[in-house]
Amino acid sequence: HTSNATGLVYIYEYKNAVWHERDDVNGRTQNDRTGQRVAINRDGSVLAVAEPNRTESHGSVRLFVFDAGSNSYKLIQEISAVTERDNIGDEAVISIGTSLAVSESGQSLVIGSPFYSNSKFSNQGQVRIYEYASGRHEWVRIGDPIDGGANDDWLGWSVAILEASPLTVVTSAPHSLATGGYVTSYQYDGVDWQRNGTIANKNGTTDDYFGSFLSLTHTGTVLR
């Protein structure tokens, strides 16, 4: 489906020293770019597939759970800019799913929208974090969204999550005009997200794009 940028995701499972196709997720409409970002939990039971260019909703993330009975992934939920709009002033999430991360258990999910804008700033970026609510059989947002602090920060360009106590999220703003990019971490206190550290680009030049890609080890002790 690459001819019209619809997108397609293949999921494979390693068995008997061979990778076997487990399932696939098809894009839905032209230019959705389905699969531009994907994330999967440790045992492969939870799959998140982004469609950051989906026109009708300004971005979308579809969440699937593996069903052993049918040996396929079943759609559980869709998080989009439409479903997440807060109806406060001009707030809207744009290109949701530009970045994604799923925790090891699949209980927690981070979605980055670096081109988010509001009445204060343009393209400041935003990160939203979700947790699975078993009673509702869906992922619900926890805490307030985390916003970038200036025009063109692009906060949420890359994200990572550590499933620990407290739950920790790391994200980057590689386009920060003030620093040439920075990486910041937040911890959840049970009510909201509290910043607990920031690493800024040492060079301070605007075209460095510091933090364009980041990853966190499963212990949370090493950040790359």
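**Salt bridges and a surface patch**

Tutor: Let us begin with one side chain: Arg136 counts as exposed, its relative accessibility being 56%. Please keep in mind that the model is predicted.

Student: With which residue does Arg136 form a salt bridge?

Tutor: The closest N and O atoms of the pair are 2.7 Å apart.

Student: How many salt bridges does a search of the whole structure find?

Tutor: Some of these contacts are joined: Arg28, Glu51, Arg62 and Glu78 are linked in a network of salt bridges. For the whole structure, the number of salt bridges found is 8.

Student: Is Asp32, which forms a salt bridge with Arg54, buried or exposed?

Tutor: In this salt bridge the closest N and O atoms are 2.6 Å apart. Asp32 sits in the loop between strand 2 and strand 3, and Arg54 in the loop between strand 4 and strand 5, so the pair ties together parts that are 22 residues apart in sequence. Arg54 has a relative accessible area of 6% and is therefore buried. Asp32 has a relative accessible area of 1%, so the word for Asp32 is buried.

Student: How many residues apart are Arg42 and Glu104, which link distant parts of the chain?

Tutor: Arg42 and Glu104 form a salt bridge in which the closest N and O atoms are 3.3 Å apart. Arg42 lies in the loop between strand 3 and strand 4, while Glu104 lies in the loop between strand 7 and strand 8, and the separation is 62 residues.

Student: Why does Arg42 count as exposed, and what is the class of Glu104?

Tutor: Exposed means over 50% relative accessible area. Arg42 is exposed because its relative accessible area is 68%. Glu104 has 36% relative accessibility, so its class is partly exposed.

Student: Which strand gives the most to the nonpolar patch?

Tutor: The patch covers about 530 Å² of surface and is made by Tyr10, Tyr12, Tyr14 and Trp19. Tyr14, one of these residues, lies in strand 1 and is partly exposed at 49% relative accessible area. With 3 residues, the element that gives the most is strand 1.

Student: Which residue of strand 2 stands opposite Tyr12?

Tutor: Strand 1 (residues 8-15) pairs with strand 2 (residues 18-26) in the antiparallel sense, over 8 bridges. In a regular strand, side chains alternate between the two faces of the sheet. Across from Tyr12, the residue in strand 2 is Glu21.

Student: Which residue takes a positive phi in the hairpin of strand 1 and strand 2?

Tutor: This hairpin has 2 residues between the strands. The positive phi is near 50°, and the residue that takes it is Asn16.

Student: What is the radius of gyration of the chain?

Tutor: The chain contains 1 helix and 15 strands. The globule rule gives 17 Å for 224 residues, and the chain comes close to that value, so it is as compact as a globular protein of that length; its radius of gyration is 17 Å.

Student: What share of the 224 residues is buried?

Tutor: A residue is buried under 20% relative accessible area. The accessible surface of the chain comes to about 11,100 Å², and 48% of this surface belongs to carbon and sulfur atoms. Of the 224 residues, the buried share is 47%.

How values were computed. Residues are numbered from 1 along each chain as its sequence is written. This is a predicted model: local features need pLDDT of at least 70, side-chain atom pairs count only at pLDDT 80 or more; totals for chains, interfaces and linings use all residues. Side-chain values use heavy atoms; hydrogens and water are left out. Patches are made of residues with over 30% relative accessible area and no salt bridge: like charges are joined within 9 Å, nonpolar side chains (Val, Leu, Ile, Met, Phe, Trp, Tyr) within 5 Å. Accessible areas come from the Shrake-Rupley method with a 1.4 Å probe; for residues, only the protein chains shown count as cover. A salt bridge is a side-chain nitrogen of Lys or Arg within 4 Å of a carboxyl oxygen of Asp or Glu. Helices (H or I, at least four residues) and strands (E, at least two) are DSSP runs, numbered from the N terminus. Buried means under 20% relative accessible area, exposed over 50%, partly exposed in between (1.4 Å probe, protein chains only). Two strands pair if DSSP finds at least two bridges between them. The radius of gyration is taken over C-alpha atoms; the globule rule is 2.2 Å times the number of residues to the power 0.38.
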